[in-house]
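Trainee: Could you go through this structure with me, a bit at a time? I'd like to ask things as they come up.
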Amino acid sequence: MNIELTVNGVRREFTIAPGETLLELLRRTGYKGVKKGCEAGDCGACAVLLDGRAVNSCLVLAAKVDGHTVITVEGLADDGTLAPLQEAFLDTGAVQCGYCTPGMLIAATDLLNRNPRPSEEEIKEGLSGNLCRCTGYVKQVEAVKLALTRMNGGNDA
Ligand code: FES
Ligand code: FES
């Protein structure tokens, strides 16, 4: 079966296998930033934006996304310039082994798209579907707050 999918702004045609998930399709076609974790919807490592909303791509059949739009972590940077969230994750030390980072960035992007001024509780809630074995989650919340400060023109010094 063939599908058309717009990935990171580029419309592409893919031949998919029966039962193939969006996670499997994206990884085998070069979007390695989409991480394979639990493959059961529990860890958030595979999150992408599907038509603007974060989903766990391991739970989405590739056949169901024909004609839709996906943004992976590779699509968050703008022509090589990191997005404010990406910069803030680096600057706060929220990236350790980095395995959870793409999913965290997708979840945080979804959150800020829906709620441009989230409270700390709302940030924690927004990242609650993403597991991290390294950081204890404090750094990621700090990173989102730092990105917000910078995006709103504040001084983070
Ligand atoms: S790999 Fe998809 S939620 Fe864990
Ligand atoms: S930084 Fe290692 S799993 Fe989150």
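Trainee: Where is Asp 51 placed?

Mentor: Asp 51 lies in the loop between strand 3 (47–50) and strand 4, where strands (E, at least two residues) and helices (H or I, at least four) are DSSP runs numbered from the N terminus. This is a predicted model, in which local features need pLDDT of at least 70 and side-chain atom pairs count only at pLDDT 80 or more, while totals for chains, interfaces and linings use all residues. Residues are numbered from 1 along each chain as its sequence is written, chains are lettered from A and ligands numbered from 1 in the order in which they are written, and side-chain values use heavy atoms, with hydrogens and water left out.

Trainee: And what is the phi of Asp 51 like, positive or negative?

Mentor: Asp 51 has a positive phi of about 50°, although it is not a glycine. Most residues other than glycine have a negative phi.

Trainee: Is Asp 51 buried or partly exposed?

Mentor: Asp 51 counts as partly exposed because its relative accessibility is 42%; buried means under 20% relative accessible area, exposed over 50%, and partly exposed in between, using a 1.4 Å probe and protein chains only.

Trainee: What about Asn 8, which phi does that one have?

Mentor: Asn 8, which is not a glycine, has a positive phi of about 50°. Asn 8 is found in the loop between strand 1 (2–7) and strand 2 (10–15), and with a relative accessible area of 24% Asn 8 is partly exposed.

Trainee: Switching topic, how many disulfides does a search of the whole structure find?

Mentor: The search finds 0 disulfides, a disulfide being a pair of cysteine sulfur atoms within 2.5 Å.

Trainee: Now helices: how do the axes of helix 3 and helix 5 cross?

Mentor: The axes of helix 3 (residues 101–114) and helix 5 (residues 138–151) come within 11 Å and cross at roughly 45°, the axes being lines fitted to C-alpha atoms over the stretch in contact, with angles from 0 to 180 degrees between N-to-C directions. That angle makes helix 3 oblique to helix 5, because angles under 35 degrees count as roughly parallel, over 145 as roughly antiparallel, 65 to 115 as roughly perpendicular and the rest as oblique.

Trainee: Which residues make that contact?

Mentor: Helix 3 contributes Met 104, Ala 108 and Leu 112, and helix 5 contributes Gln 140, Val 144, Leu 148 and Met 151.

Trainee: What about helix 2 and helix 3, how do their axes cross?

Mentor: The axes of helix 2 (residues 84–91) and helix 3 come within 10 Å and cross at roughly 130°, which makes helix 2 oblique to helix 3. Leu 85, Gln 86 and Phe 89 of helix 2 meet Thr 101, Met 104, Leu 105, Ala 108, Thr 109 and Leu 112 of helix 3.

Conventions: Contact = heavy atoms within 4.5 Å.
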